[in-house]
Each structure stands twice: as C-alpha cells, then as structure tokens.
Amino acid sequence: MESIYYVLSWACHRKCRHCYEPRFRPYVRSALEAVVAEAEQNFPRIIDHLPPRLSYLDRACPAPDGSLVERPGRIILAGGEVLLDAVRERVLYPAMQRIQARYRQQRGVELIVQTTGDLLTETIVEELLARGLTTLSVSGVDDFHSGMQGQARQRAFKERLRRLFEAHGLRGSAAPVSTASEAAPPAGPTYNFFGATADTWIGRLWPRGRAWDNGLSTATLADNFCNRWSGGLNFLEHRYNGSEVSVDPAGNVFPCCIKTRLPIGNLVEEDLIGILDSLAEEPAYAAISSGHPQRMGLAYGWSEEQFVEASRTLTPKGEPYANLCIGCDRFHQAVLGPVIEAARARRAAARGGAR
Ligand code: SF4
Ligand code: SF4
C-alpha cells in the first residue's frame, strides 16, 4: 500500500465553512472527551490491522533492468487538528510510537502529520521528530481559513513556519498532490504547505460536509474526483504505487478521502488487506479503483447514462449540481449495502468464525 490517510480524531479548533466533514469542529468538556476517547480506544487496533509490511512496488519508476523497486509506504495522520493538546498527547504521539514499533523491522514507513499549523511550537516540532516524523504537511493555507485570507497573510504564515521548520532541520518539499513516485526521495524530514486553492486537486471542493451545505463546491460532472489523488483510483491495487485508502476515527475504511456513503470495512475488527482483497472481484469497486465510477453499476443493471443521471441533484440552495460522487452516493444507498455485507460475511467465514 502506498498511502493510508488516517483521520485520528474529529476534533478541530476551527469550524471552516468549506470543510468536507461536519464532524471536524470544536468540542468542549464531555463532548471533547468523547471524541478523544473514541480515537484513543480505537487507534491500537486500527494500527495493528494495517498491512504487516507497508510498502509498494513502484510501476512508475522501474529499475534500469525493468524490475519494480519496493518503496516504503506512508501513513498520513490527520484530523481535524491532531495537535490539539488532548489529541496530541493521548492519540497522536502514542499512535506514532505504535506505527514506529510495527514497522521497525522493515525499511520503515513515511510518517506524515497533517496539521493546520496554527498550534505548532518548537517543543511540538521536537516531539514530533523524536517520534519518527518524516513530513509535516501544513494544510489550510487558503482563503477559506479565517485569518488566512489573502496572499500577504499566507506568505507571512508560511514564512514564520518555514523558519521554525528549517531551524529544526526540516527541508521544503512538494505537497502530496500526486502518486508520481520520486526515484530518490529526499533524505531527512521535510515540510510542505497546501490548501484549497484554485490550482490544487481539492480547489473545487468536494460535495461533502459544510462545503456542500454552504453551496461552495464548484465541481461539475467533468471533475472526476475519483480519478485523481485522494479519490478511489487504484485503491484495490494495494501492491503498487497509487494505492491509497482513508480511515476514520472509528476504524471505518473508505476507497477515497472524499468518503463513500458506506465504508467497505472496519479496521477495529479486521485486516485492511483482507477487506481489500475481498472486494477485488466486485465490479463496483473495480470501477472505482479504475477511476471510472460511472461504470460502477454496469454489472448491477445501472447503465452509465443512468449513473450520470443519478449524479445530478440540487444544492441545499436549490441550484442544479452534478458530480459523479453524488451518483456514487446514490448507488451505494441503492445497491451496495448487501454487497459489502456479503463480502464481510465471506471474510468472517474464511476466518472460521462466521457471525
Ligand atoms: S478545513 Fe481543516 S481546519 Fe477547517 S474545520 Fe475542517 S479540518 Fe478543521
Ligand atoms: S465517486 Fe465515490 S469512490 Fe469515487 S471519489 Fe467520489 S465518493 Fe469516492
């Protein structure tokens, strides 16, 4: 597996109007304790159910003799905001240590921490480095984030963090916007910045969460989020580059960061690779993995035209909107529940404990 995008916790100190997930928001007192406790309780089993060897064969950059090079996979630990005190101390740090211990025997894994950057201090950077940080990825450098509007503010914010990072030996790198592998990844820890700007793969905003509720997604049918980074492309091809899944704090697994209407399994209960392999022959998931979600219904009586028609809807403001992720939602609701359940039952039976 090349990449696992693991949302550790729902807690965030912000409540951005363009956020793709309504559960990313501030929590206080017992509500904060509940989301932190959920994350704290689940992360050990989730990590234990990740692939025993987290690496991938790089078809994009073969060796001179044509053989495929094995490269270390990466785990992106994200929120919400993982640097909030309770999340950082009770979930992020112990999760990093558990990941380090799990993959110590192989060449290691890339360990990326994604943060807004708002809460970073010298001490936190040092603590992250001491726990095996590979890359600090600062998201949210865009006009949607309050206090970050305009080039001047974004430049100043990045400059302040750049000084902090470089004083601790981190070096600038490209944001994780493609699956193209680097033949010689930079040695030593790195940092990058990104945000929902027009030039990025998330610039048009997914039809999800508060972005959807606030009518902010400008995507059209032509914006196939599935066929790009963060989408479902290659999620079943877990031996090769380009494979990525996302995991939520409850352990639910999704083929994409956008998140399908139904999870394909749960890592608190089961191994990731077993879940993926159980779906490899399912036409709907094969279509997602090929980056053509409009074909996911062909084997179930939905033509491409029908799927595209199901991709049309009205925004909460009553405006016409069309995107393949909407069709995917409706197809999941109409068809895929029993398919997912049948795959789960097959896995349980194969483990000898049908239930
Ligand atoms: S966009 Fe990022 S910072 Fe804003 S609420 Fe969502 S997770 Fe938090
Ligand atoms: S079409 Fe479905 S699987 Fe593909 S990115 Fe959208 S929600 Fe995810």
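This report describes the strands, domains, nonpolar core, ligand surroundings and backbone features of a predicted model.

## Basis of the description

Residues are numbered from 1 along each chain as its sequence is written, while chains are lettered from A and ligands numbered from 1 in the order in which they are written. Because the model is predicted, local features need pLDDT of at least 70 and side-chain atom pairs count only at pLDDT 80 or more, whereas totals for chains, interfaces and linings use all residues.

## The sheet

An open sheet of mixed pairing is formed by 9 strands in the order E7-E8-E6-E5-E4-E1-E9-E10-E11. Strand E7 (171-172) and E11 stand at the edges with a single partner strand each, so one side of each has no neighbour in the sheet. Strands (E, at least two residues) and helices (H or I, at least four residues) are DSSP runs numbered from the N terminus, and two strands pair if DSSP finds at least two bridges between them.

Strand E5 (residues 110-115) pairs with strand E6 (residues 135-138) in the parallel sense over 4 bridges. Within this pair, Ser 137 of E6 is the bridge partner of Gln 114.

Strand E1 (residues 3-7) is largely enclosed by the rest of the structure, because 5 of its 5 residues are buried. A residue is buried if 20 or more other C-beta atoms lie within 10 Å of its own, exposed if 12 or fewer, and partly exposed in between, with C-beta atoms placed from the backbone. Ser 3, Tyr 5 and Val 7 point one way from E1, and Ile 4 and Tyr 6 point the other way. In a regular strand the side chains alternate between the two faces of the sheet.

E1 pairs in the parallel sense with strand E4 (residues 74-78) over 5 bridges, and Tyr 6 stands opposite Leu 77 in E4. E1 also runs parallel to strand E9 (residues 244-247), to which 4 bridges join it; Ser 246 in E9 is the bridge partner of Tyr 5.

## Domains and the nonpolar core

The domain assignment of the protein chain gives domain 1 (3-218) and domain 2 (283-350); such bounds come from an automatic or database assignment. The C-alpha centres of domain 1 and domain 2 lie 28 Å apart. Contact between them involves 4 residues of domain 1 and 7 residues of domain 2, where two residues are in contact if their C-beta atoms, placed from the backbone, lie within 7 Å.

The largest nonpolar core has 92 residues, of which Tyr 6, Leu 8, Ile 75, Leu 77, Val 87 and Ala 95 touch the most other members. Helix H9 gives the most to this core, with 7 residues, and the core draws at least three residues from each of domain 1 and domain 2. A nonpolar core is a set of buried Ala, Val, Leu, Ile, Met, Phe, Trp, Tyr and Cys residues joined through C-beta atoms within 7 Å. Leaving aside neighbours within four places in sequence, the contacts of Leu 8 include Phe 43, Leu 77, Val 87, Ala 95 and Pro 249.

## Surroundings of the ligands

Ligand 1 is surrounded by Cys 12, Arg 14, Lys 15, Cys 16, Cys 19, Phe 24, Gly 79, Gly 80, Glu 81, Thr 116 and Gly 140. A residue is near a molecule if its C-beta atom, placed from the backbone, lies within 6 Å of it. By class, this shell holds 4 nonpolar, 4 polar and 3 charged residues. Ala, Val, Leu, Ile, Met, Phe, Trp, Tyr, Cys and Pro count as nonpolar, Asp, Glu, Lys and Arg as charged, and the others, Gly among them, as polar.

Around ligand 2 there are 13 residues, of which Cys 226, Gly 232, Cys 256, Cys 325 and Cys 328 come nearest. Helix H9 (residues 324-350) supplies the largest share of this shell, 3 residues. The shell around ligand 2 divides into 10 nonpolar, 3 polar and no charged residues.

## Backbone features

Most residues other than glycine have a negative phi, and most peptide bonds are trans. Gly 79 and Gly 80 are joined by a cis peptide bond with omega of about 15 degrees, and Gly 80 is found in the loop between E4 and helix H2 (85-102).

Asn 234, in the loop between helix H5 (209-213) and E9, has a positive phi of about 70 degrees although it is not a glycine. Asn 234 counts as buried, with 22 C-beta neighbours inside 10 Å. Lys 259, likewise not a glycine, has a positive phi of about 80 degrees and lies in the loop between strand E10 (252-254) and strand E11 (265-266). Lys 259 is buried, with 21 other C-beta atoms within 10 Å.
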